[in-house]
Amino acid sequence: GSGGRHPAQIGGPNVSGNAAALAPDGRIVIAGAGGYLSNPRFAVARFHGDAPALPTITVAATDAAADESGANDLQFTLTRSGPTDQPLTVVFRLQNDGAAGQATLGTDFLVSSSATQITIPAGAATAEITVTPVLDAEHESDELLTVEIMAGPAYAIGLPYIADGTI
């Protein structure tokens, strides 16, 4: 040959390899290579430990009975575990389609917050959903209203995630 050095070809012109190491600062470093000797591709990733745990959200009916006389509202409390230094918006659903035995939004009750989400303020562990019965002269049997926590990217759903109240 020419007296120069040539890369070793082990197993043909394709190369691949992976390596992982624990750096002194506790970070995990992963490196990989693949492709052809004439066009190699490399990748390196650093992991900084576990992702922070998401807060867990639960719901309870803290005042589970209301009536259409206006004397009493329903009260549901959303509670989060974990840090409270940031506000946290929680998505929920009201099961209230007016089917037999269920209350209907607008006809039987009104909600103090948006009908789909509520924000637990920074520094607080709880937020309240207040449901106000609509006053009417019609005598009805008890009607069920259910609050259900829905999935969100910033929290985990805990138990209980459903709470019932009666109007």
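Me: How do E4 and E5 pair, and over how many bridges?

Reply: Two strands pair if DSSP finds at least two bridges between them. Strands themselves are DSSP runs of E with at least two residues, and helices are runs of H or I with at least four, numbered from the N terminus. In this predicted model, E4 and E5 are antiparallel partners joined over six bridges.

Me: Before we go on, what are the ground rules for numbering and for a predicted model?

Reply: Residues are numbered from 1 along each chain as its sequence is written, and side-chain values use heavy atoms, leaving out hydrogens and water. Because this is a predicted model, local features need pLDDT of at least 70 and side-chain atom pairs count only at pLDDT 80 or more, whereas totals for chains, interfaces and linings use all residues.

Me: In what order do the five strands of the open sheet stand?

Reply: The order is E7-E9-E5-E4-E11, with mixed pairing. E7 and E11 are the edge strands, each with a single partner, so one side of each has no neighbour in the sheet. A parallel case is E4 with E11, joined by two bridges, where Thr-56 faces Ala-156 in E11.

Me: Why is E5 described as largely enclosed?

Reply: Look at burial, where buried means under 20% relative accessible area, exposed over 50% and partly exposed in between (1.4 Å probe, protein chains only). Six of the seven residues of E5 are buried, so the rest of the structure largely encloses this strand. Across the 167 residues of the protein, buried ones make up 26%.

Me: Which residues touch the most other members of the largest nonpolar core?

Reply: A nonpolar core is a set of buried Ala, Val, Leu, Ile, Met, Phe, Trp, Tyr and Cys residues joined through side-chain atoms within 4.5 Å. The largest one has 24 residues, and Ile-57, Phe-76, Leu-78, Val-90, Phe-109, Ile-129 and Val-131 touch the most other members. Strands giving it two or more residues include E4 (56–63), E5 (74–80) and E9 (126–133). E6 supplies the largest share, four residues.

Me: Where does Thr-146 lie, and what does its side chain contact?

Reply: Thr-146 lies in strand E10 and is buried, with a relative accessible area of 5%. A polar contact is a pair of N or O atoms within 3.5 Å; within protein, one must be able to donate a hydrogen and the other to accept it, and residues adjacent in sequence count only if both atoms are side-chain atoms. The side chain of Thr-146 makes one with the side chain of Asp-164 (2.6 Å).

Me: Which peptide bond is cis?

Reply: The bond from Leu-159 to Pro-160 is cis, with omega near 0 degrees. Pro-160 sits in the loop between E11 (156–157) and E12 (162–166).

Me: Where does pLDDT stay under 50?

Reply: pLDDT is the predictor's confidence in each residue, from 0 to 100. It stays under 50 over residues 1–12, which have two contacts beyond four places in sequence. Where pLDDT is low, the predicted coordinates should not be read in detail. The protein averages 78, and 65% of the residues score at least 70.

Key: Contact = heavy atoms within 4.5 Å.
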